Amino acid sequence: VIQKQPGGNTVAITESVETAINKIKPNLPDGVVVNTNVFKQSNFINASISGVLSKLKLGTVLVFIVLILFLMNLRMSLITLLAIPLSFFISFMTFRWFGLSINTMTLGGLAIAIGELVDDSIVDVENIHRRILENRKSKDKKSVLKVVLEASSEVRNSIVLATIIIGLVFLPLFQLSGLEGRLFTPLAIAYLTSLFASLLVSLTVTPVLSSVLLSKENGKHEIDTVFVSFLKKWDRNILQIILEKPLLIFSATLTLFLGSLSTVLFMGSDFLPKFNEGTAMIAVFSSPGTSLEESNKIGLLAEKKILEVPEVKSVSRRTGRSERDEHAMGVNVSEIDVDFEANVSRSREEILNSIRDKLTTISKIGVNVGQPISHLMDHTLSGVSAQIAIKIFGEDLDTLRLKAAELKNIISEVRGVVDLQVEQQGLIPQLKVYTLREEAAKHNLNSGEITSLLESAFNGHTVGSVIERQKFFDLFYRFDESSRSSKEGIESTIIKTMPDGTKVKVSDIADVYKTTGPNEIGRENGLRRIVISANVSNSDLTSAVNSIKRLIGKKLELPKNYFITYGGQFEAQESASKKIYLFGTLAIIGIMLILLTHFRSLAIVGQIMLTIPFSFIGGLLALYFSGQSFTIASLIGFVTLCGVSSRNGIMMISHYLHLMKFEGESFNKRMIIRGSQERLTPVLMTASVTSLALLPIALASGQPGSEILHPVATVIVGGLISSTFLDVFVTPTIFYQFGKNASQNYVNKKMRREL
C-alpha cells in the first residue's frame, strides 16, 4: 500500500509509482506478479474530472443552441458566448494566483456557473440590439455609440445588482467547516470567481463588440425572430386575461407552493449523496484474540464468497495492520479491496447488498461494507469507518460492553440499518507478572527495574543500527519464542541483581499467572467509551437515526454517569444544516437590505423577494420526482436558487420603472404588458441557458464525479423552470395589482434627486 504525503498530486504520484514499478518488474522473482489496478484513487479522480469536463463541453454547446434559437443572429450569439471562455480564463488565472488546483469541485463550480456566465451578456447585448434596430426606424437617429452607451446603461444597474445578490447568497458556503467546508469552499470560489469575471466581461467587452459588430449589420434583421414573436404573442394573450384576475393567480401559486412543501414529508435526508468510486472496501471482523492462521482462513473464505457476485472483477486482502500504522488493527480484522467490472446493470447499492448477503453465510464474523474514500470520510468525521457512530461513555468496561450488546439488539430492529457492529473490545487471554515488593527488596530490586528488564526481555529493545551497503537495519534483541511464550518460561527467567551479581528467578520475586483482560480500551475526551457502528442501506440517514433515538429512549436504561452521543455523518449533517439555514437566512436578509438600498421601497422589494418561493416549488418537485433525499448538496442548490431566481424579478420590475421614468409610460395595463414583452426574451434566454447548461449534470445520476453536483443541478434546473414560468405571469400580475403607489413614489423620488 503506497500513500501520498498531504498536498501531493494523487494522479502525478500514481504515474510516478507505476513507472517505478515497471522498472523493478524485470528484477522480481519468477511467479511474482504486481497488479497496480487493485485500488487507485487516480482512476476515480480521472473519471470524475473527465465526466465533469464532458458536461462542461455539452453545456456550452447547449448554450450556443439556445442563443441561436432565440436570437437567430450569429454575431449576437458569438458576442454573448465569448463571455464563457473569457470568464474561464480570468478564473483560471485567479486559481493560479491563489494556488488552487483544478479538481472535481472547482470544475463543478464552473459547470454550475456556465449557464449564468452568459446571463449578463445576454441582457446587455439583447437590449443593445433592440435599441439599435429601434434607432434605425426612428426619425430622430442617434449615433451608434450613443445608442450602445444608453442601452448598456439602461440595464447596467440591474445586472450589477443581480450579480452582487447571487454572490451574497454564496457567502454561507464559506462558513462551512470540517469535511463539508473542504468540499464546497472550492466550488464556491470557482463559482463566484467566474460569475464576477462574467460581470466584468458584460460591462466592458460586450458593449465594445456590440458597437463594432452590430452596427455593421445590413439592417434587414427584425427586432424579434419568428420564434420570439410567437412566444410574445402567446405571452400577450395570457397577460390580457390574468392581469385582471390577481386573486386567482395568487391562490393558484400559493397552492402550488404549499403542495411542493408537502413533498418534504416524503423525502428523507442524508449528509452527502452516495459516491460511486468504482471500488469497495469490506472489513471482516472475527473475535479479538483470533490467530493469524485462523483469520487468514476466514479471509480466504470471504474472498471466495465476494467473487461469487457476478459484478466483482477482483479482490485483494490485508489481514491486520502493524502497531505503527496510522490505522493499526489486530490480525482478527481483514480489509478486502474489491474491484468491479466496468459495465454493470445493477446499481452500486444492490451490488453491495449482494456482497452483504454472501458474507452473512460465514458464522461468527462481523462485516462493514463501504467504499475507500467514503470510509476515509466517515473516519475523519467520527473516528469510525461507518455512517453512524453511537458512543456510550462510562467508567466500568464490563458495564460498557453489556450496554453495547443491549444497544446492538435494539438497533437491529431499525429498518435500513446494516453492518451493525460493536467495537472490538473483548477479553483475551493474558499472562500477568505481579511484582512481590518485599521479596524483590531482599535482592536490592524494585518493581520499576523488574518491569524494565522484563519488557526488554520479552518485548524487545533496539540498541543500535547496522549498515550494510546502502541499507540500514535496527539492531534488536529479545528472548527466543520458547522463553517468552509460556508461564513456565517466564517464571524460569533469570535476573542478575546489582551490585553483587546474584542471579534470581522471576518466580522468586514475582507471581506469574494466567488471566483475561481487555484487548483495548477506547477513550475520548478523557472518558472511557465503546462504539456501536452501522451503515444505512435502502433508507435515509436521518430517518434511521431518528428511529434509533426513539428506540433507545424507550428500551435502554443507563446507569448513573453513563451517557450516549451520536457521531458520524448524522452529527456532521446536523451541524452543516444549521449553519446553512442560519447563514442562508442572513444572506436573504442581506439581499433585502441591498434591494431596499437601491429601490427604497418595501413594496417593490417584497415583490422581488416573492420570486424566491417561486423557485422553491420546482426545486422541491425535482428532488421528489428524481427520488433523491435532502443532502448538504441539495441545500446548497436551494441557496443558489435564492440569488439566481431573484435576477429575473429584478430585471422585470426594473424595466417597468425604467419605462415610467425615461419613456413617459403611465402605470397601466398597457405599460405592464409592454415591459413584460420587452423583458420576455432575456428572461427566457437566461433561464434556458442556465437550465440547459446544467441539464447534463442533472441527468448524471450516479456517475463518478457528479455525485455532489447532481443534486445541486437538479434543484437549480427544477427551480428555474418554475420561477421562470411564474415570473413571466405572476410577477406582472402582482406588480399590476400592488405596485402602482410604490412605483410612482420611486419614480418621483428619483426625479427629485436628479433635479
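The model is predicted, so local features need pLDDT of at least 70 and side-chain atom pairs count only at pLDDT 80 or more, while totals for chains, interfaces and linings use all residues. Residues are numbered from 1 along each chain as its sequence is written, and side-chain values use heavy atoms, with hydrogens and water left out.

The secondary structure of the protein chain comes to 27 helices and 15 strands; helices (H or I, at least four residues) and strands (E, at least two) are DSSP runs, numbered from the N terminus. The radius of gyration of the chain is 34 Å, well over the 27 Å that the globule rule gives for 755 residues, so the chain is more spread out than a compact globule. This radius is taken over C-alpha atoms, and the globule rule is 2.2 Å times the number of residues to the power 0.38. Along its principal axes, the C-alpha trace spans about 120 × 65 × 55 Å.

Of the 755 residues, 51% count as buried. Buried means under 20% relative accessible area, exposed means over 50%, and partly exposed lies in between (1.4 Å probe, protein chains only). The chain exposes about 36,600 Å², of which carbon and sulfur atoms supply 58%. Contact means heavy atoms within 4.5 Å. Among contacts between residues at least 6 apart in sequence, 78% join residues at least 24 apart.

In soluble globular proteins, nonpolar side chains tend to be buried together. A nonpolar core is a set of buried Ala, Val, Leu, Ile, Met, Phe, Trp, Tyr and Cys residues joined through side-chain atoms within 4.5 Å. The largest such core in this model has 152 residues, and those with the most contacts inside it are Phe-184, Tyr-191, Leu-407, Leu-595 and Ile-632. Helix H24 (residues 632-662) gives the largest share of this core, 16 residues. Leaving out residues up to four places away in sequence, Ile-632 touches Phe-184, Asp-270, Phe-271, Leu-272, Gln-573, Ala-576, Ser-577 and Ile-580. A second, separate core of 20 residues includes Val-312, Phe-340, Leu-359 and Ile-362.

Ser-210 and Ile-79 are 131 residues apart in sequence, yet their C-alpha atoms are 7.2 Å apart in space. Beyond four places in sequence, Ser-210 touches Ile-79, Val-125, Ile-128 and Ser-215. With residues up to four places away not counted, His-710 touches Gln-628, Ile-697, Ala-698, Leu-699, Ala-700 and Ser-701.

Most residues other than glycine have a negative phi. Asp-419, in strand E6 (residues 417-422), has a positive phi near 55°, and counts as buried at 10% relative accessibility. Asn-561 also has a positive phi, about 75°. The place of Asn-561 is in the loop between helix H20 (541-555) and strand E15 (563-568), where Asn-561 is exposed, with a relative accessible area of 64%.

Note on methods: Areas by Shrake-Rupley, 256 points an atom, 1.4 Å probe, with all protein chains shown as cover.
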